[in-house]
Amino acid sequence: MTGARRICGEPLPSEAGDRDGDQGTEQPVTGFRTKKAAFLAHYRGHPEYGNRSAAGRVAAELAPLAGLQAGTGRTYIAEELRKLTDLAAHRSLAEEDDDQPAG
């Protein structure tokens, strides 16, 4: 062991910059309980939120910010889109019930 350790997800000194030696400009999200929570916070604030056709591209863009792989981000986006679809269907059914005359 070299004595270098990760502290709260911070990069090791050798990982601080990219291969060219430049410091990365994108900082991982802090202040969230899980990486999933951090990813979903970014996704929910993204201009393409809810756009199924942009899911793969957005996942690849946001996953590194939460310390995730793009495939994991796609899985989280798919789950979020299912929830949105279910919510929309539920609201639609509720609106149909509201249109019924009281019996």
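Predicted model: local features only at pLDDT ≥ 70, side-chain atom pairs only at ≥ 80, totals over all residues.
The chain contains three helices and zero strands, and its elements follow the order α-α-α from the N terminus. Of its 103 residues, 18% count as buried. The accessible surface amounts to about 7,900 Å², and carbon and sulfur atoms account for 50% of that area. When contacts between residues at least 6 apart in sequence are considered, 43% of them join residues at least 24 apart. One example of spatial separation across the sequence is given by Ala-41 and Ala-66, which are 25 residues apart along the chain and have C-alpha atoms separated by 9.6 Å. Ala-41 belongs to helix H1 and is partly exposed, with a relative accessible area of 34%.

The largest nonpolar core comprises 16 residues. Phe-39, Tyr-43, Val-58, Leu-62, Leu-68 and Ile-77 are those with the most contacts inside this core. At least two core residues come from each of helix H1 (35-44), helix H2 (55-62) and helix H3 (70-98). For Val-58, with residues up to four places away in sequence set aside, the residues touched are Tyr-43, His-46, Glu-48 and Ile-77.

Two aromatic pairs are present in the structure. In one, the ring centres of Phe-39 and Tyr-76 lie 6.1 Å apart with the planes at 55°, so the pair is classed as tilted. Because Phe-39 is located in helix H1 and Tyr-76 in helix H3, this pair ties together parts that are 37 residues apart in sequence. Both Phe-39 and Tyr-76 are buried. The rings of Tyr-43 and Tyr-49 have centres 4.9 Å apart, and their planes also meet at 55°, so this pair is tilted. Here the two partners are described by separate accessibility values: Tyr-43 is buried, at a relative accessible area of 0%, whereas Tyr-49 is partly exposed, at 29%.

Leaving aside neighbours within four places in sequence, Glu-80 is in contact with Leu-40, Tyr-43, Arg-44 and Tyr-49. Its side chain makes a polar contact of 2.8 Å with the side chain of Arg-44. Glu-80 has a relative accessibility of 6%; it therefore counts as buried.

The charged side chains form four salt bridges in total. One of these links Lys-36 and Glu-79, at 2.7 Å from N to O. Since Lys-36 lies in helix H1 and Glu-79 in helix H3, the pair ties together parts that are 43 residues apart in sequence. Lys-36 is partly exposed at 27% relative accessibility, and Glu-79 is partly exposed at 24%. Glu-79 also meets Lys-83 in a salt bridge, with an N to O distance of 3.9 Å. These two residues are four residues apart in helix H3, so they are separated by about one helical turn. Lys-83 is partly exposed, with a relative accessible area of 48%. Through shared partners, salt bridges join Lys-36, Glu-79 and Lys-83 into one network.

A further salt bridge is formed by Arg-57 and Glu-48, whose closest N and O atoms are 3.6 Å apart. Arg-57 is partly exposed, with a relative accessible area of 49%, and Glu-48 is partly exposed at 24% relative accessibility. Glu-48 is also among the residues that Val-58 touches.

Key:
Residues numbered from 1 in each chain as written. Heavy atoms only, no water. Core = buried A, V, L, I, M, F, W, Y, C linked by side-chain atoms within 4.5 Å. Buried < 20%, exposed > 50% of the residue type's maximum accessible area, 1.4 Å probe, protein only. Contact = heavy atoms within 4.5 Å. Areas by Shrake-Rupley, 256 points an atom, 1.4 Å probe, with all protein chains shown as cover. Phe/Tyr/Trp six-rings, centres within 6.5 Å; stacked < 30°, edge-to-face > 60°. Polar contact = N/O pair within 3.5 Å; in protein donor to acceptor, adjacent residues only side chain to side chain.
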